[in-house]
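Keep the 3D view open as you read.

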Amino acid sequence: MMPKMRAAQITRSGGPFELVEREIPSPGAGQIRIKVQACGICHSDSLVKEGHWPGIQYPRVPGHEVVGVVDAVGAGVTQWQPGQRVGVGWHGGHCGHCNNCRNGDFFGCTVNLQITGISFDGGYAEYMIAPAIAVALVPDDLSPVEAAPLMCAGITTYNALRNSGARPGELVAVQGLGGLGHLGVQYAVKMGFKTVAIARGPDKAPLAQKLGAWRYLDSQAQDPSAELQKLGGAKTILATVTAGDAMSAVQGGLGVNGTMLLIGAAMSMQVNPIFLLSGRRSVKGWYSGTAADSQDTLAFSVLAGVRSMNEVYPLEKAAEAYDRMRSGKARFRVVLKMGL
Ligand SMILES: [Zn+2]
Ligand SMILES: [Zn+2]
């Protein structure tokens, strides 16, 4: 009898979560096995649930905010040993030899770009297999539940902000105060930016203040673009929302040479070319990052005291936890904890 594990899998596009028993998989060459301790639930997991990722194969176990302990290593793996605490995020591996990889743009790999929980089974399970190249070291100072959401929501906001070109003291706006935004505001504050949080409604103001924001803009009561211009214009606007019209409504707050960084998966937005070109402004997307960026995110979060606020569920309640994430009411990330 092979030892068994539990996993929450999706068997067909649009199908429900099914709690199944599977054999515990063995790591192949270049892979490690992780005994999962916690896995965050990300909005992008809907790509697996609803079948919106081209070519996805079922059954599939979602989950790309994984934290656990190295349990076994495959042939040729020299950098990881059993017992180390590790995490895996969205970026699940790359070929290392295509032109983009040779230039260090691993996210743009054209030969073998792997995505955790989409190209291979992810962390809604008691064990998972990950390519050794996709794994980040997790500091002892972070509990599994604390670290898990940092593997996607954390790295995406932190890595976008640190590559935004904004310098300490400059005006940076974070649009949205949900799972991504509540981390984005904390990172922006701790990086020394003059941080403006933008969300809908007056009830979010105390949260913005608690997260350390310098100002809060209620986009229902005020025109966020005009207000940002009154403050001198933003060097960076980090858009974490998923509504294109909301994104379009804040771009006018960019200062000269300002950049709007899009990390929310909206289908479309409007840009104003004259406004962009006259102030040498730009609108660009940002990819979360690779394992090294994850490791930096975790280390900075320990250093600066940045933490996600989480709602925690056991693995067997994966369906309920997923619905909670989809409801938009979770404060602020939903995390599965094994052995709960
Ligand atoms: Zn994600
Ligand atoms: Zn490549």
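**A helix with one buried face**

In helix H11, residues 318–327, the buried residues are Ala318, Ala321, Tyr322 and Met325. Buried here means under 20% relative accessible area, while exposed means over 50% and partly exposed is in between, using a 1.4 Å probe and protein chains only. Helices (H or I, at least four residues) and strands (E, at least two) are DSSP runs, numbered from the N terminus. Look down the axis of H11 and its buried residues fall within an arc of 100°, so they line one face of the helix; that arc is taken from the directions from the helix axis to the C-beta atoms. The background is simple: an α-helix has 3.6 residues a turn, so residues three or four places apart point the same way.

Before going on, bear in mind that this is a predicted model: local features need pLDDT of at least 70 and side-chain atom pairs count only at pLDDT 80 or more, while totals for chains, interfaces and linings use all residues. Residues are numbered from 1 along each chain as its sequence is written, chains are lettered from A and ligands numbered from 1 in the order in which they are written, and side-chain values use heavy atoms, with hydrogens and water left out.

What covers that buried face of H11? The cover includes strands E1 (4–10), E2 (17–23), E3, E16 (310–314) and E17 (333–337), along with helix H1. Contact means heavy atoms within 4.5 Å. You can see the H1 side of this through Ser46, which is found in helix H1. Ser46 counts as buried at 9% relative accessibility, and it touches Tyr322 and Arg326 as well as Gly51, leaving aside residues up to four places away in sequence. Just after H11, Gly328 takes a positive phi of about 75°.

Now find the metals. Donors are N, O and S atoms within 2.8 Å of the metal (3.2 Å for Na, K and Ca); water is not among the atoms, so sites may look incomplete. The zinc ion (ligand 2) is held by the SG atoms of Cys95, Cys98, Cys101 and Cys109, at 2.3 to 2.4 Å. In sequence, these donor residues are spaced C-x2-C-x2-C-x7-C. The four donor atoms subtend angles of 104 to 118°, which makes the arrangement tetrahedral; for four donors, that label needs all angles between 85 and 135 degrees. Two of the ligands to this zinc ion are Cys101 and Cys109: Cys101 is buried at 4% relative accessible area, and Cys109 is buried at 8%.

The zinc ion (ligand 1) is coordinated by Cys42 (SG), His64 (NE2) and Cys152 (SG), at 2.0 to 2.2 Å. Along the chain, its donors follow the spacing C-x21-H-x87-C. The cysteine pair links distant parts of the chain, 110 residues apart: Cys42 sits in the loop between strand E3 (31–41) and helix H1 (46–49), and Cys152 in the loop between H3 and H4. Cys42 is buried, with a relative accessible area of 7%, and Cys152 is buried too, at 8%.

With all those cysteines, how many disulfides does the structure hold? It holds zero, counting a disulfide as a pair of cysteine sulfur atoms within 2.5 Å. Take Cys39: its sulfur is 9.7 Å from the closest cysteine sulfur, in Cys42, too far for a bond.

The buried residues of H10 pack against strand E9 (135–137) and helices H3 (144–147), H4 (153–162) and H5 (181–190).

Most residues other than glycine have a negative phi, and most peptide bonds are trans. Against that background, Arg280 has a positive phi near 50° and counts as exposed at 65% relative accessibility. Asn257 also has a positive phi, near 65°, and is partly exposed at 31%. The peptide bond from Tyr58 to Pro59 is cis, with omega near -5°. The bond from Arg331 to Phe332 is cis as well, with omega near -5°, and Phe332 lies in the loop between H11 and E17.

Note on methods
Four donors count as tetrahedral if all angles lie between 85 and 135 degrees; four count as square planar and six as octahedral if opposite donors are over 155 degrees apart and all others between 65 and 115; anything else is irregular.
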